[in-house]
There are 6 protein chains.
Amino acid sequence: MKSRPSGRAPDELRPIRITRRFTRHAEGSVLIECGETRVLCTASVEETIPSFLRNSGKGWVTAEYGMLPRATHTRNKREAASGKQGGRTLEIQRLIGRALRAVVDTKALGERTITIDCDVLQADGGTRTASITGAYVALVDAVNSLVRKGTLRDSPIHGQVAAVSVGIWSGQPVLDLDYAEDSEAETDMNIVMNNGGGFIEVQGTAEGHAFRREELDALLNLAANGCSQLLARQLEALNED
Amino acid sequence: MKSRPSGRAPDELRPIRITRRFTRHAEGSVLIECGETRVLCTASVEETIPSFLRNSGKGWVTAEYGMLPRATHTRNKREAASGKQGGRTLEIQRLIGRALRAVVDTKALGERTITIDCDVLQADGGTRTASITGAYVALVDAVNSLVRKGTLRDSPIHGQVAAVSVGIWSGQPVLDLDYAEDSEAETDMNIVMNNGGGFIEVQGTAEGHAFRREELDALLNLAANGCSQLLARQLEALNED
Amino acid sequence: MKSRPSGRAPDELRPIRITRRFTRHAEGSVLIECGETRVLCTASVEETIPSFLRNSGKGWVTAEYGMLPRATHTRNKREAASGKQGGRTLEIQRLIGRALRAVVDTKALGERTITIDCDVLQADGGTRTASITGAYVALVDAVNSLVRKGTLRDSPIHGQVAAVSVGIWSGQPVLDLDYAEDSEAETDMNIVMNNGGGFIEVQGTAEGHAFRREELDALLNLAANGCSQLLARQLEALNED
Amino acid sequence: MKSRPSGRAPDELRPIRITRRFTRHAEGSVLIECGETRVLCTASVEETIPSFLRNSGKGWVTAEYGMLPRATHTRNKREAASGKQGGRTLEIQRLIGRALRAVVDTKALGERTITIDCDVLQADGGTRTASITGAYVALVDAVNSLVRKGTLRDSPIHGQVAAVSVGIWSGQPVLDLDYAEDSEAETDMNIVMNNGGGFIEVQGTAEGHAFRREELDALLNLAANGCSQLLARQLEALNED
Amino acid sequence: MKSRPSGRAPDELRPIRITRRFTRHAEGSVLIECGETRVLCTASVEETIPSFLRNSGKGWVTAEYGMLPRATHTRNKREAASGKQGGRTLEIQRLIGRALRAVVDTKALGERTITIDCDVLQADGGTRTASITGAYVALVDAVNSLVRKGTLRDSPIHGQVAAVSVGIWSGQPVLDLDYAEDSEAETDMNIVMNNGGGFIEVQGTAEGHAFRREELDALLNLAANGCSQLLARQLEALNED
Amino acid sequence: MKSRPSGRAPDELRPIRITRRFTRHAEGSVLIECGETRVLCTASVEETIPSFLRNSGKGWVTAEYGMLPRATHTRNKREAASGKQGGRTLEIQRLIGRALRAVVDTKALGERTITIDCDVLQADGGTRTASITGAYVALVDAVNSLVRKGTLRDSPIHGQVAAVSVGIWSGQPVLDLDYAEDSEAETDMNIVMNNGGGFIEVQGTAEGHAFRREELDALLNLAANGCSQLLARQLEALNED
């Protein structure tokens, strides 16, 4: 078995660090660090709803994703300057939004919108899954601020959600790929799970080598294990203070 | 067990019809009909490559997806008129492109691009998976035209690819959801497979109810079965004439 | 006299085929085939009006035009992908809209919009005139559905409209140019007429050779003759069923 | 017979004034005034060609059209601010370009582009036809500057081009409609002619009342007469100095 | 001391000409000529306000700036065609708007918007400062038309505003740079002042050589002197008629 | 004299903190904190030049500016999502670029581009001046990396540049306004200076109250003093390591 570039065991997560109140204006503001990947997740509460929910009595939770131009090895064009968000960005922010809505009762949230902005300060693989894991914590902080202010009586969040990547690297299934692994992986999968062990999103892609059912099973097992550690780390972070 | 709106068995595909040479100018032109879903897939060969492949000796296979404004129950805004392709469109066309590239040796294709345009004439659920299944046939026709003309000695296609949707509808796992099922499904999954039984893409989404591992397993089994029927229908269509 | 590429007489239309209910969701859905040119025309009724008609008591009839990327000999860039509709597209869809409004009493239509989408599946010259001829049939079907449902008491359509191209090809005036003729024509004219023999639009362009008054007269005669045949074909199609 | 708002006879042009060298930087710069309509037409020579002419040995003549936001009775949104040129603008500038190219031998022009910018300072009907008539004079001045400098041996312009509008106003055919007439006209036609009496463009539109063949004939006669006066005024202007 | 290309003294303005009612539709329409720089400034009154002022009881004064493509030595791309206004344009129109708002009581203006369009017909340096000086006169004319019609009882304009450029050219501070000077200036400053001798905007830029405090002082003195002459010319122009 | 919200003396800067190597991929990466304002400035070296410098032998230094959506009290729309950078953003990034180019010999830099991205993580007034002060440090680090690698023999940076805001708050001139002061200031000025005491940019704006010459003089004095402290802090930061 070839050893991983970082020396981690195949089923070992990178060190996780979750810093709440990283910036001061947002109702929830979380810096999540998964190894060298660092994403700032802010949750903003606005007392408006998108037009398709007009008169529905429901609220909305949505996400936007961005990468600072030099979060990566070489500079990427700034999306604001090129005049549109690329397909990858749109795909990721739709994914984050769906993941969070899976644990929110939008009826109980009331006619307001919570927008989670996930901005990657530094990228080293797994930015979309780190975004989801961090975004959940920011969302809880934002919702709790509404409860504390008495705007909401109870939290409309009815579950917990975290995400991790898994993949086949050098012929073996591994958990939480960093950039060095990701760029050579034969196949790559992002898994979003809740705290009941349920799968919220399963997105596996094999541009090169198609994965066999037993590989898929192994990857799902690794992911389930990784997510349960991440869910625990979220709780720890939320219990601090 | 509640019976499906169409009266189909849970593991039953809709009637498939694959019409080759549906239009005359494209190197490959396929109308695929999956029940009431109808997608026109054309494959166009161009002797240029995208700039990121300059001097690589490789070719490219890519896809674009569109929906005629009134392919659906109510009219959708024309994307050309709104000035951009939406996130859903970008996501789908990226998916189709990846699926096709998984069975093409781009080195053997040489420095040319094959673009598959998948335009939905009528939508009734499963347009992205129908697009992939039809696009493969159009791609083969386009590549064979290159072989016939002597531009290529051998086909650079080294496998076969098809796709189908599966989901949990009314509490039961079902194959190939139509619109009536899709709009009520608790969970929904698109699976792309090759003719070796390998998974090329697995995309499952549960905005409502998260799926348990045993549900996931049942869906993967249904999909594997559906894809193998679709792969057989592609071969039949390609053998006609 | 050089004979036409298709062998047609100078005043002979291409074979016309009008298929109603080509797709199932639109209130009117017509595939029109003029020789090898095939355009799908759908008419969609929406209970809204554009803002410039707010409080006017009037409805609106408008058109959008598109060409599938590989409707033509070589692939055209998809307008949705390039982020805007080109000048030619805008010009054509404005023309189709004006032509249809010439036979509709928008006051009698009431505060609703009918949008005709003309999407070219295969192009072989004359796509804009085929669009108009087909669009009229789709419009009638959509309006009749409103009458049948009792939404409208009477049809607000007070005339019939059809269109054809004429041009000077190889020195002689010819009717209904196909692509082979069009690309070599010295001069080219699109004529829209109603069933009273009136001219609704006359658009003649001579980038190369300017046309003399007697040529113009001959072209107008050819067009009048062609349009009256097309108007008859529309009636036949509408009387089927 | 109702008399025209301006008191003009049905076949009477508005007073025309053509001022050459209106601005100083352009190779040709003409202010054309047709009654209260004022358009600044500048012709700019650039030693480049559009990519579709690469290696053709041909040059290009093209036009752009704009309207200052307050050229009209009420302010129009600035197209630069709204981020795109509207359909009407694109249609007009394509028309101007075609009209001018009809009298230029682009081979003899050589690999350079002449761009005519037609900017409406004040609008009172007929801005597109005034643009063409003025643009021709600017084009001649620009070409002559190339001849004077010795860049070209002979002028590649082989004819003269002018344009005028005609229409049915208050039941009678009239020449050169001003805004008061245009806004009430039943039908409206723009005619571009050369100095050989040939028609270069014929664009007639009847949103309201369709025009009968004898009306069309009357309008063509009026236009032919109007254009020959305009062609004479161009020559006078070009002979000054 | 090297003498200025125009032969002017260091503290000498170019000849100024202010022509009111240059076009007929706008409530205020001024052609300002500063030497060879010519800008058309029109003021349009609209009975709407931007959404950020909804229910504030306040009106708004704003500006848009444009340059005709061939106002300059070589042709610039038309901003409407390139699909956006450049940074320079946005910067200038924001500056003009701020300058004008500095002398208007927007409460007294009432819920209406006055838009000043500054379109450069010919450029020879100093187009932004000429725009401000001319825009003020157009604004006064527009406001006076509201007073004359009885829409406003009193003018909401409580001061006068004009602008000029100054710079270090050939080592010496000079007033009102023309293009020949501007393109060689080491440093360049635009100053907007009111009739109370107060500074409304001070914008100095030194891409090349940084300016010392005493140079800055000399430039501010030159500008104060220039502005007071311009303010006098505005009054003269407003008193004509 | 009313005391400042922060309790600072009128001529007192906020606490400055400059953290180099804040992220790992960029050639220069600096987090600058001015009180609660935090801007991440990264400098990226690319071996290309903009087309207007082709064959000039010169390099280029440019800047882009962005604000994370929730850097501010209420969430701002993400510019990448709205499809364009606003006028304020363009103005700021042009300013930063000019300021940096004032101290770089682009000939000595050679044919390469250094792009400084200034992204505001948290805003509390003075983000553009903090960006300049931080960008300079990032630029030095990036250039030094080129020297260390031997790509450049000597640094092409020939001076030092820093910036600060000053304004009239509550009737008194103050240095380095925070958001609480900025939002109530009568007048506001951004000053960019070099280490020779020269002014590179002076941008003063008085939407409300115009400033008198003696106020302008007092502000320039405050700014000169503030900048010299900032220049010293830059040197300290650059000497650490």
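I will start at a contact between chains: the side chains of B:Arg24 and C:Glu36 meet in a salt bridge, with 3.3 Å from N to O. B:Arg24 sits in the loop between E1 and E2 of chain B, and C:Glu36 sits in the loop between strand E2 (28-34) and strand E3 (37-46) of chain C, so this pair joins two chains. B:Arg24 counts as exposed, at 51% relative accessibility. C:Glu36 counts as partly exposed, at 32%. Keep in mind that this is a predicted model.

Next, a pair inside one chain. F:Arg17 and F:Glu33 form a salt bridge, and their closest N and O atoms are 3.8 Å apart. The arginine is in strand E1 (residues 16-20) of chain F and the glutamate in strand E2 (residues 28-34) of chain F, so the bridge ties together parts that are 16 residues apart in sequence. Are the two partners buried or exposed? F:Arg17 is exposed, with a relative accessible area of 54%, whereas F:Glu33 is buried, at 14%.

In chain A, salt bridges with shared partners make a network. It joins A:Arg4, A:Arg8, A:Arg14, A:Asp124, A:Asp176, A:Asp178 and A:Glu181.

Over all chains, the structure holds 144 salt bridges. One more of them is in chain B, between B:Arg8 and B:Asp176, where the closest N and O atoms are 3.6 Å apart. Which parts of the chain does this pair tie together? B:Arg8 lies in the segment before E1 of chain B, and B:Asp176 lies in the loop between strand E7 (172-175) and helix H5 (179-182) of chain B, so the pair links parts that are 168 residues apart in sequence. Both B:Arg8 and B:Asp176 are buried.

E1(B) runs antiparallel to strand E2 (residues 28-34) of chain B, and five bridges join them. Within that pairing, B:Thr19 has B:Leu31 in E2(B) as its bridge partner.

Now chain D, and one strand with partners on record here. How many residues of strand E8 (residues 187-194) of chain D are buried? Seven of its eight are, which leaves the strand mostly covered. E8(D) pairs in the antiparallel sense with strand E6 (residues 161-169) of chain D, over eight bridges. In E8(D), D:Ile191 stands opposite D:Val164. E8(D) also pairs with strand E9 (residues 199-205) of chain D, again antiparallel, over six bridges. There D:Met189 stands opposite D:Gly204 in E9(D). The hairpin of E8(D) and E9(D) has four residues between the strands, and D:Gly197 takes a positive phi near 80° in it.

A helix next. Helix H6 (residues 213-239) of chain F has 27 residues and reaches 39 Å from its first C-alpha to its last, close to the 39 Å expected at 1.5 Å a residue. F:Asp241 follows H6(F) and has a positive phi, near 135°.

E:Phe52 is in the loop between strand E3 (37-46) and strand E4 (60-67) of chain E. E:Phe52 is exposed, with a relative accessible area of 56%. Between E:Phe52 and E:Val120 there are 68 residues of sequence separation and 29 Å in space, C-alpha to C-alpha.

Two chain pairs and an annotation remain. Chain A and chain D do not touch, and their nearest C-alpha atoms are 12 Å apart. Chain C and chain F do not touch either, with nearest C-alpha atoms 12 Å apart. For chain A, the unreviewed UniProt entry carries the annotation "domain: Exoribonuclease phosphorolytic" on residues 12-142 and 160-225. Residues 12-142 of chain A are 30% helix and 31% strand, and the end C-alpha atoms of that span lie 31 Å apart.

Note on methods. Residues are numbered from 1 along each chain as its sequence is written. Chains are lettered from A and ligands numbered from 1 in the order in which they are written. This is a predicted model: local features need pLDDT of at least 70, side-chain atom pairs count only at pLDDT 80 or more; totals for chains, interfaces and linings use all residues. Side-chain values use heavy atoms; hydrogens and water are left out. Contact means heavy atoms within 4.5 Å. Buried means under 20% relative accessible area, exposed over 50%, partly exposed in between (1.4 Å probe, protein chains only). Two strands pair if DSSP finds at least two bridges between them. UniProt positions are given in the numbering used here, feature names are shortened, and annotations may be inferred rather than shown by experiment. A salt bridge is a side-chain nitrogen of Lys or Arg within 4 Å of a carboxyl oxygen of Asp or Glu. The expected span of a helix is 1.5 Å times one less than its number of residues.
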